[in-house]
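Me: Please take a close look at the aromatic rings in this structure. I would like to know what they pair with and what sits over them.

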Amino acid sequence: MSCAVHCSALTKTYPGKPPVEAVRGIDLAIDEGECFGVLGPNGAGKTTTIEILEGLLEPSSGDVSVLGLNWRDHGARIRQQIGISLQETRFSDKLTVAETARLFRSFYPRGLRPDEVVSRVGLEEKSNAWVKHLSGGQRQRLAIAVALIGDPALLFLDEPTTGLDPHSRRQLWEIIGQFRSQGRTTLLTTHYMEEAERLCDRVAIVDHGRVIASGTPRELIAQLGGHHVVEFSLTAREGAEQPPSFWIDLPTVVSCRHEGMAIHLTVTQPHRVLPALVERLERRGWELASLVTRHASLDDVFVTLTGRALESDVDSDDEEEPHE
Amino acid sequence: MNELPGSYERRQHPFVSLIAARVREFIREPAAIFWVYVFPLIMVLALGLAFRDKPVGGFTVVVQAGAIAEHVRQVLTDDGRFRVSVCDEAESRRRMRTGRAELLIAPGADSPAGYDYYFDPTQANSVLARQLADAVLQRAADRRDAVTVRDHAATEPGGRYVDFLVPGLLGMGLLGGGLWGVGFAIVDLRLRKLLKRYLATPMKRSQFLLATMTSRLLFTIPEVLLVLLFSHWLFGVTSQGSYWAVGFLILLGTFEFCGIGLLVASRAQTIEAVSGIMNAVMLPMWIGSGIFFSPERFPESVQPLLAFLPLTPLIHALRSVMLESTSLVSLAPQLALIFAWGGISFALALRWFRWN
Ligand SMILES: Nc1ncnc2c1ncn2[C@@H]1O[C@H](COP(=O)(O)OP(=O)(O)OP(=O)(O)O)[C@@H](O)[C@H]1O
Ligand SMILES: [Mg+2]
């Protein structure tokens, strides 16, 4: 399988006092036909990286090739084959959705029918509405429509679902899924770990301008050692204040950390931890305030790797499914 | 619902669709329509009326009540150039003192058939009123003119303030159009990240710039026509020189100010920055380039500076063509200066221009 996007030793330093090293050496190899996610907290360097790949920013150093071509010599050819949506674009307020789509369609020698793209993102009812009168989520969908209009082989989406309601977000996942099912490549950034797990074949977790982990979501979670997380909190202060080492000797526990009042255990076999945990609590006379067991997620990976929680505002619509 | 590969639709040319988009945005913006099309007409109307050259007349005369009063009132009223009222002595004098009358006519103190004139010898209108009223009254009393004379009105078209104003307003429109329509519009696109978004498509940058200029020209044509037609209809303003020459100057001026607009927009990253630059660029020209009054009224020392402003040669050329029918050839120095402003601005703008 050939590479749709490839970059190596990519760096970008914004001049200034002091200069900002936004990207400090990123290597990516994105295969044709896959959906690749770049994950990271605010300021990690996601937008900077993706804009370099889109040919909108000059890297300070490093090599980029897109669809086997480099930007310097083949910019025009690459642009005909990619579709992008920037993190923030405000289309002309006084053009309608359909007019905006037609305008962008005219820029591409080959592409889709504007009305077809508008209905694909679910905006056909708003087709004759001015952009000014669209909601935030509808504007986001227009941006996706405009990204698709040139019938691209490769799609770059910078935080496509930020600010969308759960329904719109799922709709967008569907559009991207459909795009991938045609064998085309998507590169997206997000700070919703859960979105990456759902949507992406592979992800790279970026922090402070570096890739700190990459692989399939499954592989990354497997790196944690355990695939499950037991999360509980106690009514007794004394219990809550025990150091992690107090819990680590429970059977199959791989790691332990505190998050506020809650204690997170990464475990390989929940069905063996739980009886032991309950027994220990009973012996001490501590009562459970809450108990949840769930699959480990990329959030857990991020916390394990950086010691920081990724995003407290993961207002995800999908309840983390407790199991057992 | 998937589009089958190969079922591609023919597309509009990007140049055409960019212009169409600009035109749509423009006509959907009532404020823009007002400032570009309505405001110049209001200026023509307001300033044209305010500085209208009125024929001398309408002198206010009071006649002191008495035996002669009715005769004098009759004669002066019939003449048509006087507004006459009859008052008692006290009231007549009060009117003269407070400047509400320019001439007081009272029965002659020496001869009962004669008149006494009271007027203000320091006021031109007062002196004139006295002379005119006297001539009319003397003639009514059968005075014969010694020689025969005939009067000819000699108000030349093109000599009025409104004739002077129209070329100035045309120049002001081009200045505003270039700076707002090109400069401000481009910075707005940059702030919206739309410029960046355009850059990521196969559309060529030159097509975008050319389309921006062309749509500017499209908006300018009705603007110019409206001002010319309106001022012609209302005040009979016409061009002494050829309208082709006027059209050529409009084209050249559009080029010049599109270039300057582009230069202003080439780097500005915020609305505040571009507004500041635009004001700094426009203000000296509004005052010093002769839109409303001739730059020759400024002190000798700043004249060369004013002559060098981008708008000054354009308004000068428009005025020379429209008022004096000057040929474009003899305006070569002005045309060269306009062209240089435009060309240099374009060159610098293209070199410095920031797309993202
Ligand atoms: N034009 C710029 N000039 C200077 N510094 C910049 C510029 N753009 C971004 N940065 C800095 O570079 C770093 C990376 O920014 P970037 O926008 O790539 O982050 P991000 O991962 O996309 O964040 P977010 O999730 O908030 O979108 C940040 O520290 C930011 O402040
Ligand atoms: Mg970003």
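Reply: In chain B, the charged end of Arg319(B) sits over the ring of Phe164(B), 3.6 Å from its centre. A charge sits over a ring here if NZ of Lys or CZ of Arg is within 6 Å of the ring centre and within 35 degrees of the ring normal. Arg190(B) likewise lies over the face of Phe353(B), at 5.2 Å from the ring centre. Phe353(B) also belongs to an aromatic cluster with Phe91(A), Phe104(A), Phe107(A), Tyr198(B), Phe208(B) and Trp355(B).

This is a predicted model, in which local features need pLDDT of at least 70, side-chain atom pairs count only at pLDDT 80 or more, and totals for chains, interfaces and linings use all residues. Residues are numbered from 1 along each chain as its sequence is written, chains are lettered from A and ligands numbered from 1 in the order in which they are written, and side-chain values use heavy atoms, with hydrogens and water left out.

Over all chains, the whole structure has 24 aromatic pairs. Rings of Phe, Tyr and Trp (its six-membered ring) pair if their centres lie within 6.5 Å; planes under 30 degrees apart count as stacked, over 60 as edge-to-face and the rest as tilted. The ring centres of Phe26(B) and Tyr37(B) are 6.0 Å apart and the planes are at 90 degrees, so this pair is edge-to-face. Both Phe26(B) and Tyr37(B) are buried (under 20% relative accessible area, with exposed over 50% and partly exposed in between; 1.4 Å probe, protein chains only). Phe230(B) and Trp233(B) also have ring centres 6.0 Å apart, but their planes are at 50 degrees, so the pair is tilted. Phe230(B) is buried at 18% relative accessible area, whereas Trp233(B) is exposed at 66%.
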